[in-house]
Amino acid sequence: MTWLWLLAALAPAGTAGALALAALRPPGDRARRRLVRAAPVSLLPAAALAVAGPAAGDLDLPWLLLGTSATLDQVGRPLLLTAAVLYAATLATAAHARGGRAAVLAALLLTCFVGNATAFVAADAATFTVGYAVMSVAAYGLVAHDRTAAARRAGRAYLTLGVVSEVAVLAAVVLVVSAGGLRLADAPAAVAASPHTGTIVGLLLLGFGIKAGLVPLHGWLPLAHPAAPPPASAVLSGAMVKAGLVGWLRFLPLGEVALPGWGTALVLLALVGAFGALVPGVLARDPKVALAYSSVSQMGFLAVLVGVALVAPDLAPACVLAAVVYAVHHGIAKGGLFLSVAVWRRHGAGRWRGLVVAGTAVLALAVAGAPLGSGSVAKYAAKQAVAPAPLLVDVTALLPLVGTVSTLLLARAAVRLLAGPEPGRDGLDAPLVTWAVLVLGGTGATWWLADRWAPVLRVPRLDAVTLWDAAWPVLLGVALACVAVVAARTGRLPQRVATGEPEPLVPAGDVLVPVERATGALLAALPAAGDRVAEVRDRAQAAVVRAAHALGRAHRVERAEARLSGWVPSGVALLAVAAVAGIALAVTP
Amino acid sequence: MTTTTWLPVLVLASSLVPAVAIFLLPEDRHRTRTTLNLAGALAKVGLVVALIPPVLAGRRFEWRVPFLPEVDLVLRVEPFGLLFLGLSAFLWLLTTVYAIGYLRTDGRHRSRFFGFFSLCVVASSGIALSGNLVTFVVFYELLTLATYPLVAHQQTAAALRGARVYLTYTLGGGVALLLGAVWLTALAGPVEFARGGSPAVAALAAEQPGAARAALALLLVGLAVKAALVPLHGWLPRAMVAPAPVSALLHAVAVVKAGVFGVVLVVDELAGVEVAADLGLLGPLLVVACATILWGSVRALRQDGLKARLAYSTVAQVAYVTLGVALLSPVATVGGVVHVVHQGLMKITLFFCAGLLAQTLGATRVSELAGAGRRMPLTCAAFTVGALGMIGLPPVAGFVSKWYLGLGAVDTGQPWVLVVLVVSSLLNAAYFLPVVGRMWWGRPGSTSRSGTRARWEAPPALLVPALVTAGCSLLAAVAAGVPLAPLSMAWLIVQGG
């Protein structure tokens, strides 16, 4: 069913183009507003494609780009569905965003979707690269969309890291393809057999690690999320960071060869992220910064799975599936939480306050991994997958505590959100409805998905032991949060810690902040050095000209002749090159 | 199958006739001049299109006439030449439209301008069609002479100075090329270009490797001037004083491209890749190409003038073609050959946009471009496409070139070239993305011209060519696998067909 594939890609792409053109029309244009409201519909074919699954067949268009192919496998299919649902909800919210430029925002979101979904379902390295790049570039537009100073700074950080990521990925992919891994199905084996395995794995960890928020490359996340409009944050955290994960799952030699060095390094970095995010996160002032750090922590959890799969090839299939289930759960729940921020600000004081609070609580509990929620399924799957891993640290003992970290970060986000400006009192509207659907569907979907699409994993049975296993980390977190709130109320916490005002103790972006400063200085210095070299060259050239003039005077050549000496610089350069080339050639046998 | 025919001469005549006629026209005959220009450009595109099917089917058209004792002037239609010819015919048409719009406001010496403009196209067509070294040299020198008045067109002190630098460099290069050609002809007889290299040169390389190496090196050094390889690139940024359409043509198809086209011819069709490698010419060429890529990008970082930044970017980008031939790999050669077209499309887009921004907003500096995207969204969109392509991001044409160059580098066991490509991409991003970012997200400052109108989009004659080339830059990547797409043509050229 190639037509369905084409429709799934062309509907959002065409709508994005139409929106971009519509953005040229004056604001308040009715056609433009209608188009913006209708934008979520363009994602229906993609959703239908994901539901159809393997029945839709594979896509193979050799004439498109460097040969385009896509397939709906156990990684791509659930993630495509997640992306379609999340982006549709996001577009519905974006259409009702206050202020102008909703058309531009929607066009950017749709472009991101096309790239993001392409990266999820690509069946060959070139298609993946194209999708990944389209997504990364369009996402810059999302991050910088608000044009504030903070947005500009976040955009700069995102773009710098994004370009590094892009280039590292491209280099890695070129190496993978030359090793015979053009088809993604062959890529892991090709990487394992390549003479450059170490380089490739290093580049992949760097390139996709930036996107996936792997510590210490995560700095852009806490800058970008608060600066971007809430719908943009939702897809950034919900879907785009998952593209980094998919990149790892597709290209790393998982299940082919054991790389204990790289794997252990990844697990350690991932654990540092999963737990380290707590410090800047709970000190944050902006609720979206706390949510961003929660994403860093959760992506750390996911990276642990990838690291374990790198260490132990026999665990790879289970780890990959667990990672996908976790990514689906986190994509919907965290994306939904970011949308909750927008929904709260519009409806938090109105008739639907109760619904908003309840829905947000459900999402938060799901992210934290409370029993019966999607997070508990995902975490259970993950724990099962990594349990037999031969690692230095006992990962299974540590992983539940990530739930505590999440609980604390989400509690912080809630506290800061409540302390924020008075929310609005809007009535029932499309964003609220889509959000509510997302809450219900998203938390339920993971159960169903894990059961239907990932047969290797077992859905937790509802006995007392599993319930308690899932419950205690969250309860611990809630208890700690209560203690902190009471301490803050009674004035036992310093103001800066309690509220993050005026500036949080650890600035958003943590390690990135000094790096930002150093890079700025370096970038200023590098071209200056280039200028200096050019100056020296110019001076040398001028000296040659002067010498030639002097020569001309010495021989009292006439004026016409003297003018000719202006020709000398080029001739000298030419002769010098010819001489150097001659010498070089004479020396070589 | 080679057919002797007048077709190649007709291709030249399609721009030579308008050139002569325009020179004879009085200044104020705008309409006649425009008609002549467009008629010539359209005729050329038509001829090229008509030539494509038979050439793809394996037919070759040739025309020769005795020129010097024992040396013929040979014009021949070959796939690679046709690719270059097609590019120049297509872009000449667009640039003519653009130039007519551009010079509408500043209308001095238009007959001279368009006359030399057409002559310049005659020269590049001749280069594309040349079947032997001597023919190539003749048209190569003609190109130098035809472009000088274009660079000096504005006749300001800066323009004259820039044009003189341009002339001294290119004439110097021409002398080296001529010496090399004479030497090679004296040793090996009149050498014709042939697939896989001329047998006469191969024989010479076997007998007298030293002389063959020196003569070929001299040719390459001569070509390196127009190809703007470091350290012979000094003229290019100075030639920026030319009007925008001239810069566009210079950077995309005419001068710089003629240089790299010559480098490809000398390595692939005169010496042959194996012979060139045996003579030890490819190693130094590779190093020079890499150095040029990096140096051009580093210099571009520091330029505030938009055209100056684009000029240094050309220095770096055109060296990709040299890199492609210097790597001993068919895949890399595909990347190099296809970049001849891709770079042309992307760079002409950028220069068109630079001209548009300068004419409409009065912004010639990067620092003055803040907020330009709100005033001229279509122009800035076209610029963005070109800039993303230069960085090598999909789905723009530059990605395809870089992909093949990278694969070729790894194939030949020289992964360090991949590092050069990576660093170059980072540098490209570092000097292009701030421009793009400032356009779309910057706050319009006091430096750019302000007014009551919200939109400043230029008239269609200027805007449409930029949009067309931007669209083609996208299309060249999106439909890369379609027959007749630049990439498919490049494969055909490299694999023979």
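Guide: Two strands pair if DSSP finds at least two bridges between them. Keep that in mind, and remember that this model is predicted. Our part is a sheet in chain B.

Three strands form this sheet, in the order β1-β2-β3. The sheet is open, and its pairing is mixed. The edge strands are β1 (2-4) and β3 (71-77) of chain B. Each of these two pairs on one side only. From one strand to the next, the twist averages 35°.

Take the β1 side. Strand β2 of chain B covers residues 60-68. β1(B) and β2(B) pair in the parallel sense, over 3 bridges.

Now the β3 side. β2(B) and β3(B) run antiparallel and are joined by 7 bridges. One pair to find is P66(B), which stands opposite D72(B) in β3(B). While you look along a strand, recall a rule: in a regular strand the side chains alternate between the two faces of the sheet.

β2(B) and β3(B) form a hairpin, with 2 residues between the strands. E70(B) lies in that loop. E70(B) has a positive phi of about 70°, although it is not a glycine. Is E70(B) buried or exposed? Count the other C-beta atoms within 10 Å: E70(B) has 9. A residue with 12 or fewer counts as exposed, so E70(B) is exposed.

R147(A) has a phi of about 60°, and R147(A) is not a glycine either. Look for R147(A) in the loop between α6 (125-143) and α7 (149-178) of chain A. R147(A) has 14 other C-beta atoms within 10 Å, so it is partly exposed.

Two prolines in loops show another backbone feature. The peptide bond from P394(B) to P395(B) is cis, with omega near 0°. P395(B) sits in the loop between α17 and α18 of chain B. In chain A, the bond from V215(A) to P216(A) is cis too, with omega near 5°. P216(A) is in the loop between α9 (197-212) and α10 (220-227) of chain A.

Back to chain B, for a helix pair. Helix α3(B) spans residues 79-102, and helix α4(B) spans residues 110-129. Their axes come within 8 Å and cross at roughly 170°. Angles over 145 degrees count as roughly antiparallel, so α3(B) and α4(B) are roughly antiparallel to each other. On the α3(B) side, G81(B), F84(B), L85(B), S88(B), W92(B) and A99(B) make the contact. On the α4(B) side, the residues are F117(B), V121(B), S124(B), S125(B), A128(B) and L129(B). By class, this contact has 8 nonpolar, 4 polar and no charged residues.

Next, see how chain B meets chain A. Here 46 residues of chain B are in contact with 42 residues of chain A. Several helices of chain B give two or more residues to this side, among them α6 (157-188), α13 (282-301) and α20 (460-478). α19(B) gives the most, with 8 residues. The side of chain B that touches chain A divides into 32 nonpolar, 9 polar and 5 charged residues.

Finish with chain A. Its secondary structure comes to 24 helices and 2 strands. Of its 589 residues, 57% count as buried. Take the contacts in chain A with a separation of 6 or more: residues 24 or more positions apart account for 80% of them.

The largest nonpolar core has 431 residues. Helix α15 (residues 316-347) of chain A gives the most to this core, with 21 residues. L80(A) is one of the residues with the most contacts inside the core. Leaving out residues up to four places away in sequence, L80(A) touches A46(A), L49(A), A50(A), L72(A), A117(A), F120(A) and V121(A).

How values were computed: Residues numbered from 1 in each chain as written. Chains lettered and ligands numbered in written order. Contact = placed C-beta atoms within 7 Å. Helix = DSSP H or I, 4+ residues; strand = E, 2+ residues; numbered from the N terminus. Nonpolar A, V, L, I, M, F, W, Y, C, P; charged D, E, K, R; others polar. Core = buried A, V, L, I, M, F, W, Y, C linked by C-beta atoms within 7 Å. Buried ≥ 20, exposed ≤ 12 C-beta atoms within 10 Å, placed from the backbone. Axes fitted to C-alpha atoms, helices over the stretch in contact; angles between N-to-C directions. Parallel < 35°, antiparallel > 145°, perpendicular 65-115°, else oblique.
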